[in-house]
Amino acid sequence: MKTLMIYMASATSLFCSSLMWSGCTLDEVSEEPDPQREPVAWMFEHTEDYLAASPTWRRERIEQTLWQAELGYSSKMLDGYGLEQEGWELLYAYDFPVQPLAATEAPHVRTLEFEGMPLLQNAKSKFGDDPTRWTQAQWQSFGEDVFWQMPMRKDNYFEWLLGQPELWDDLGLSVDEMGNLRGVTRYRDIRGDVQVGMSCALCHAADGVQGRAVERLDLGMARAKFRESRGLEADVYAQWGAGKVDVTDDDVLDPMAIPNLWGMKYQRYFNASGVIRVETPASAAIRFETQYMMNHGYEVRAPREYTWALAMYLYGLSEPDSEPMSDAAHRGEEVFGERCASCHVPERGYSGDLVTATALVGLDMVAATSLDRGTGSYRVPSLIGVGEGGPYFHDSSAKTLGDVLAGGHPMGGELDEDDMSDLILFLKTL
Ligand code: HEC
Ligand code: HEC
């Protein structure tokens, strides 16, 4: 059931409306893919808008995205992004030379010979010099490289951890089939120094499955151990817990669960508190772009091809296989229709809008009320792939689907035992 919106390039639109449509031929009216239902096709159509030297189009997109402009996070982004001749527009777009890091080489990374190739230049040598002429598949293939290799951030404690192989397994670092550390990227920074960074894959590709949250990864503990080794106070980091990261640099302890990324294509909001409204897929690309600049101390920006490709690739990510339907699961689907579907909308990958946080039982209020990102609400996440396993909720407070429901989610109503087990069987088919 595709809905296609008819749209016209603005010049054509002026011309056509002045002739009251009579002068318009079909060539002048093009069909624009629906940004929610066909995100990859929509992005493909808008590549030149996003890459354009003039920031006007990007500015309009970020203003749509950050719907609560006064929040700390939003105002910081709005102060710097997409402005004419100022702010982050002036940063140099640096194409990072990158190279994987073999586990055996990790402890002495700084003394190794570096042979990395710049990511974008490498893609251009494969797909052609002008990215606006790449195919959709080529964009997605580049996005996959970016996902695995772009240095999303660098931290002293992380580099320290690479020198402590005896801690890796406990803290959830893993080695892939090639003998490389998964999600770790070696790169040359703008000053010419060789560094190690985390790529998206470090947190979002458990066992090499793209999009799967790395639940074992305990970066808080890594940071605590690093601080202890320096004689510094470390308690607050030791409390994050595996699979969670405190993404805000404030004094509040509010580590968030690393989410699976399969549901992303359905979600109208990002972050548990819904601070980012995904009006179009450009909202995702802009989030990656700003996150990137923030993590690199606003020293350089990534070429926009990186973040556009990354979003196109993630919007095309397929979901894991789920359990087949059974009679019991069909009964569970009915229960779902009565009790859950008003929020978790089936046609939207079982995701939904925002719900006032105080209306939900059993959830921590911290993320909904933080000065930086608190909207007073929680967004309804997609349930695609929930059968893959917990923990659930933005703070990982429920270990299993049984725990989600036993806690009375969403508003405290109890289900009887049969309904509960049928419902869980249905959730596993999603
Ligand atoms: C250090 C671990 C870590 C790394 C590295 C990381 N993420 Fe995340 N990601 C998280 C956490 C934790 C959250 C949840 C908190 C939030 O939304 O800010 C998150 C949230 C997201 C979301 C929002 C999903 C939703 O449903 O709200 C997207 C999309 C995402 N990450 C994509 C990426 C991409 C793309 C990269 C690489 C550019 C990346 N992440 C790198 C940990 C990480
Ligand atoms: C009033 C709206 C609402 C209703 C009704 C609702 N949910 Fe939710 N659900 C939410 C919100 C909001 C969250 C996210 C909470 C958070 O931020 O952790 C959520 C989270 C979940 C999660 C965790 C997803 C994850 O990946 O962490 C599951 C599973 C879930 N709901 C299942 C159900 C089931 C089953 C029902 C019916 C019994 C239901 N929900 C009814 C609003 C609702």
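**Close-up views of a predicted model**

**View 1. The shell around ligand 2.** This shell holds 18 nonpolar, four polar and one charged residues. Ala, Val, Leu, Ile, Met, Phe, Trp, Tyr, Cys and Pro count as nonpolar, Asp, Glu, Lys and Arg as charged, and the others, Gly among them, as polar. C340, C343, Y392, F393 and P410 come nearest, out of 23 residues around the ligand. A residue is near if its C-beta atom, placed from the backbone, lies within 6 Å. The model is predicted: local features need pLDDT of at least 70, side-chain atom pairs pLDDT 80 or more, while totals for chains, interfaces and linings use all residues. Residues are numbered from 1 along each chain as its sequence is written; chains are lettered from A and ligands numbered from 1 in the order written.

**View 2. Helix α6 against helix α13.** Helices are DSSP runs (H or I, at least four residues), numbered from the N terminus. Helix α6 (residues 136-149) packs on helix α13 (residues 304-315) at about 100°, with axes 7 Å apart. The two helices are therefore roughly perpendicular (65 to 115 degrees). Axes are lines fitted to C-alpha atoms over the stretch in contact, and angles run from 0 to 180 degrees between N-to-C directions. From α6, the contact includes W139, F142 and F147; from α13, Y306, L310 and Y313 are among the partners. Contact means C-beta atoms, placed from the backbone, within 7 Å.

**View 3. The buried residues of helix α17.** In α17 (residues 417-427), D422, L423, I424, L425, F426 and L427 are buried (20 or more other C-beta atoms within 10 Å of the residue's own, placed from the backbone). These residues pack against α14 (327-339) and α16 (401-406).

Definitions and conventions
Buried ≥ 20, exposed ≤ 12 C-beta atoms within 10 Å, placed from the backbone. Contact = placed C-beta atoms within 7 Å. Parallel < 35°, antiparallel > 145°, perpendicular 65-115°, else oblique.
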